[in-house]
Amino acid sequence: MDTILGPLYTAVSWIIVQFHKLYSLPFGEDSGWAWGLSIVSLVIVIRVALIPLFVKQIKATRNMQALQPKMKAIQERYKNDRQRQSEEMMKLYKETGTNPLSSCLPILAQSPFFLALYQVLNKIANNQEVGVLTKDLVKSAREAHIFGAPIAARFMDSADKVQTLNASLTDVRLVTVIMILLMSASQFYTQRQLMTKNVDLTVKTPFMQQQKMLMYVFPIIFAVFGINFPVGVLVYWLTTNVWTLGQQMYIIKRNPTPGSLAWKQRQEKLRAKGKLKEDPAEVQTRKAVEAARANRQQPKRMTKAQRQAAAAQAEAKRAEEKAAEESASTAKKTSGGDRPAQAGQPKKKSGQRKGPQRPKHPSKK
């Protein structure tokens, strides 16, 4: 491991030493703030260098969201043929210019630096020279404290080991627990912001379920592994989480995913400022909907006594209507029978013809 990551040890330690020289001017060479801010500055340098990869990650994530309906259709169509399913997926990626691995590029590119920093701090804790850190610099960094906890100490360290770093186990565990909670919370909020504001919720896809699962899984992973990280690594990871959160907020505000909540909010702001060009038919339809919504009257709230009075009134009205219907039905039956013949008017026989009868022709002689 040391042979492979040796150049990274040198690069990471060199960046830390350069920033340490800068921060030593106001804080002092052995100050924990000088070493802690050096680690924060290391994060900033790495994340600035990874901005192009982050832009590719945003585009790849958005393309994957847009392709989810087509991917689901391919899975349903070739669910019994895995090979054909994979071929169609690769064809879809090629046609749309989408690379599924692009969404993981920032994490993959940052991982070697994270491992290098972990090993550098581990060697500092063991009082070993590493990279460009000389024996004096290692001693200074090893004894530097952040809020009472040495930057090389861990939550799982024994009391004896913590005492060799001139600190108490209570201070170390208190600081590490607080930093682990902040690290997990920032990771959770970052993922939640992505799910609630920058995803088109009208399209239900497996990708959304995957993102929702990661929203809860990642903070747990950070909490579990965080107890084995040195305080300096916790500073590194908390800083990179805060950077990711701020960077994502900027991207969502400036260039949100079409159909997402952030996109709708941005459209409303542009519409209010008159900077959004829309189809006149859509504008007229939206105004009609808003007018109908404004004119719609909400039912007034009534007290219990008013509700009982209204119910009694409605019941009385139904009883009146029922009585009127029964009265009308009785009158109809009475008037609908055989009427007696008027006096002086003979009854007609059933076989009698109506109208004048034609005279019979005289018989021929």
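T239 is found in helix α10, which spans residues 231-254; helices here are DSSP runs of H or I with at least four residues, strands are runs of E with at least two, and both are numbered from the N terminus. The model is predicted, so local features need pLDDT of at least 70 and side-chain atom pairs count only at pLDDT 80 or more, while totals for chains, interfaces and linings use all residues. Residues are numbered from 1 along each chain as its sequence is written, and side-chain values use heavy atoms, with hydrogens and water left out.

T239 counts as buried because its relative accessibility is 17%; buried means under 20% relative accessible area, exposed over 50%, and partly exposed in between, with a 1.4 Å probe and protein chains only. Not counting residues up to four places away in sequence, T239 touches V40 and V43, where contact means heavy atoms within 4.5 Å.

Q85 lies in helix α4, residues 82-96. Q85 counts as buried, since its relative accessibility is 11%. Leaving aside neighbours within four places in sequence, Q85 is in contact with I74, Q75, Y78 and K79.

E320, by contrast, is exposed, with a relative accessible area of 57%. E320 is placed in helix α13, residues 304-335.

For the protein chain as a whole, there are 13 helices and two strands. Of its 365 residues, 34% count as buried. Among contacts between residues at least 6 apart in sequence, 66% join residues at least 24 apart.
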